[in-house]
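Open the model in your viewer and keep the selection panel at hand. The tour has two stops.

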Amino acid sequence: MQTSTVFLVLVALSFVGFLVGRKRSHAVAAGVGGMHLLHSLPKHYGYMAALWAGLPALLLLVLWMAFEARVVHNLVVAELPAQVQQLHHSELGLYYNQIVSYATGSSDATLLDENQLSAAEHYRELMSNSGLMKALLVCLVAIIGALLAVQRVSPALRARNHVENIFKWILFTCSFIAVLTTLGIVLSVLFEALRFFQSIPVTDFLFGLQWSPQMAIRIDQVAASGSFGFVPLLVGTLLISMVAMVIAVPVGLMSAIYLSEYASRQFRAVTKPLLEILAGVPTVVYGFFAALTVAPFIRELGESMGLTVASESALAAGLVMGIMIIPFVLSLSDDIINAVPDSMREASLGMGATMSETIRKVLLPAALPGIVGGILLAVSRAIGETMIVVMAAGLSAKLTANPLEAVTTITVQIVTLLVGDQEFDSPKTLAAFALGLVLFFVTLLLNIVALYVVRKYREQYE
Amino acid sequence: MNSIAVTADGIGEAGASSPEAGLDIHDHSDVKDYETVGEPFVEDPKMSARNVNVYYADKQAIMDVSLDIGKNEVIAMIGPSGCGKSTFLRTLNRMNDIIPICRVEGNINLEDQDIYRGDQDTVLLRARVGMVFQKPNPFPKSIYENVAYGPRIHGLAHSKAELDEIVEKSLRRASLFDEVKDALDKPGTGLSGGQQQRLCIARAIAVSPEVILMDEPCSALDPIATARIEELIDELKERYTIAIVTHSMQQAEVGDTKEVFTMPKHELTENYITGRFG
């Protein structure tokens with residue numbers, strides 16, 4: 001039976017459990033002389049039966065799916081001839097994959113030997129048995145669970161509290177999964193980065209001023225030995241992000257103030273959705289806008305003033321990135337400024353303060369934590385943004401603070417390191433993980449700084 | 001000190017509180033079933049309102065109110081919720097300007113100057129006519145900064161020492177100084193409700209207004225804090241003219257005014273005071 005079918009049957013069984021549980025509670029209530037003598041409402045007994053039916057069975061289904069492939073693998077391999085079992089780990093994997101792809105019908109038998117054909121037969125048999133057993137067991141567990149729950153229905157059973165508890169644990173599990181996933185990503189990046197640091201010293205990476213990740217793939221290949229100093233990338237990232245923020249923060253914040261404090265309702269109703277459209281434009285569109293329109297414009301403008309401007313410049317990428325980020329800053333700041341209670345505005349205006357004094361001295365300080373949060377989110381966007389930089393700022397890792405030159409960023413280098421056919425254990429590709437780790441720490445640092453700023457300067461209103 | 005109390009009959013649509021008025025108060029906007037009682041007019045008033053009508057979009061909130069506020073007088077306005085007391089108070093320092101749909105007709109003068117004339121600067125007006133709101137609304141700043149806010153904005157102090165002096169004087173007048181003198185740098189929002197409201201009063205008097213408007217200043221406070229504010233209002237009338245909106249009969253009854261309470265001239269007023277509309 002298909003997993004999706006099993007799942008649907010499980011949902012149906014849970015629903016039946018609900019109905020039976022509810023009915024049972026009515027019956028029990030009639031026995032003792034009225035619904036009010038039961039601890040909980042009928043629906044709570046129903047929910048309890050449904051959860052008891054659904055949850056253990058669902059857990060079993062998930063575990064079954066997680067381990068099915070491995071168990072079947074072991075069983076099939078155990079039946080293979082001894083000399084095949086002696087094969088190297090990766091060769092055995094290949095051999096087994098051929099069996100599976102033949103057994104599932106995605107390849108034909110021409111390349112297979114006798115052993116594989118019989119193993120494929122064995123595999124098919126195991127899989128169909130497993131499917132049947134899975135369906136039967138899951139349904140059995142569901143029915144037993146529901147019966148147990150229905151059995152327990154009595155006036156003293158605190159079904160309401162019971163259901164509440166189960167819901168609490170379901171919510172806890174979900175948040176735990178989110179935390180666990182994050183941890184998993186960080187750890188996997190960390191371990192790959194550690195492998196990178198086995199071949200390239202950490203100090204070279206952190207303090208090196210030269211980035212040219214060219215490694216000889218084969219020993220006899222003629223190539224530069226490669227240098228992995230990430231300082232130019234960091235400087236390029238910060239430079240472009242800074243240009244972007246210089247555009248986005250003042251424009252975004254001030255338009256937010258205008259929208260929330262001065263603009264008429266009609267103007268707001270038209271402007272906000274328009275700006276949200278701006279936020280929805282794919283970054284690749286911004287990218288070619290930057291590369292084809294803004295960058296040439298800046299070069300011509302610069303040259304007419306006698307400056308040397310590279311045809312791909314940090315300024316062009318940063319400008320367009322800033323435009324891209326404006327809606328973020330605006331939307332978040334607008335919400336925050338609107339959340340400042342009107343009593344603050346009245347208090348200030350009632351003192352004879354002007355609108356702009358009220359904004360500067362009361363509204364902005366009160367809204368500061370949220371505004372910093374919004375800006376931080378925007379900075380993270382800017383640092384993580386890749387497409388615009390690839391198209392408009394170039395790939396050359398130059399160590400410069402001049403926004404008119406071509407620079408590159410950490411994310412762009414991660415892309416270029418991993419695009420195309422690469423060996424996944426050369427320092428060149430592993431460098432991407434080291435860069436990822438650094439990126440992670442830079443954002444973490446930003447978060448901590450922002451948290452500190454918010455704590456120090458927040459003016460809390462109720 | 002002469003104080004008067006004006007009831008709902010004097011302000012706004014008393015028809016709303018009349019049992020005969022039915023459900024839709026606006027049907028009765030042309031029925032003159034109200035009249036002003038108490039002493040609406042005085043000689044040489046601080047502020048005077050003549051034939052004031054206020055509309056929110058096309059709803060009329062105040063009908064044809066004429067009233068004087070005498071110098072160093074506490075005028076208390078009572079009436080059922082929604083009858084327009086707060087609206088009237090807010091027209092006195094043009095706080096209603098903030099509300100785009102609000103429209104004011106008639107004359108309101110502050111010492112013979114029409115405050116709704118074209119070249120009236122609301123900044124200057126609100127410095128002369130300060131306001132204390134229903135819910136204590138200190139800024140999320142320190143106690144000192146709260147009181148110093150107004151003087152700073154209006155450039156009243158030319159040195160730190162002068163500002164310190166203004167802050168201390170204002171806090172003393174609001175009888176809050178002794179409680180907070182060691183905690184001037186603590187946030188104003190950390191005070192108790194009654195202290196917060198006195199802080200708001202201190203903030204309002206820091207710019208030396210001539211008139212202080214108070215919109216149910218005690219409605220969010222417990223009886224003890226209320227008693228302190230009432231005492232304070234009684235002291236403040238030495239220096240300031242005060243207009244107060246209240247739901248408390250005791251507050252309306254400050255000083256020697258008993259007229260409305262002891263012998264209401266209008267049936268509606270009597271009904272309201274004796275609690276038939278409560």
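What is the area buried between chain B and chain A? About 1800 Å², of which carbon and sulfur atoms give 60%; buried area here is the accessible area (1.4 Å probe) that two parts lose on being put together, summed over both. The model is predicted, so local features need pLDDT of at least 70 and side-chain atom pairs count only at pLDDT 80 or more, while totals for chains, interfaces and linings use all residues. Residues are numbered from 1 along each chain as its sequence is written, chains are lettered from A in the order in which they are written, and side-chain values use heavy atoms, with hydrogens and water left out.

**Stop one: between the chains**

Select the contact (heavy atoms within 4.5 Å): 25 residues come from chain B and 21 residues from chain A. On the chain B side, pick B:Pro140, B:Tyr149 and B:Ile153, which lose the most area to chain A, together 30% of what that side buries.

Next, show B:Arg90 and A:Glu346, which form a salt bridge with their closest N and O atoms 2.3 Å apart. The term means a side-chain nitrogen of Lys or Arg within 4 Å of a carboxyl oxygen of Asp or Glu. The count between chain B and chain A is one salt bridge.

**Stop two: inside chain A**

Select residues 231–262 of chain A, helix 8, and residues 355–384 of chain A, helix 13. Helices are DSSP runs (H or I, at least four residues), numbered from the N terminus. Among the residues that meet here are A:Met245 and A:Leu253 in helix 8 of chain A, and A:Leu363 and A:Ile371 in helix 13 of chain A.

Key
Axes fitted to C-alpha atoms, helices over the stretch in contact; angles between N-to-C directions. Helix = DSSP H or I, 4+ residues; strand = E, 2+ residues; numbered from the N terminus.
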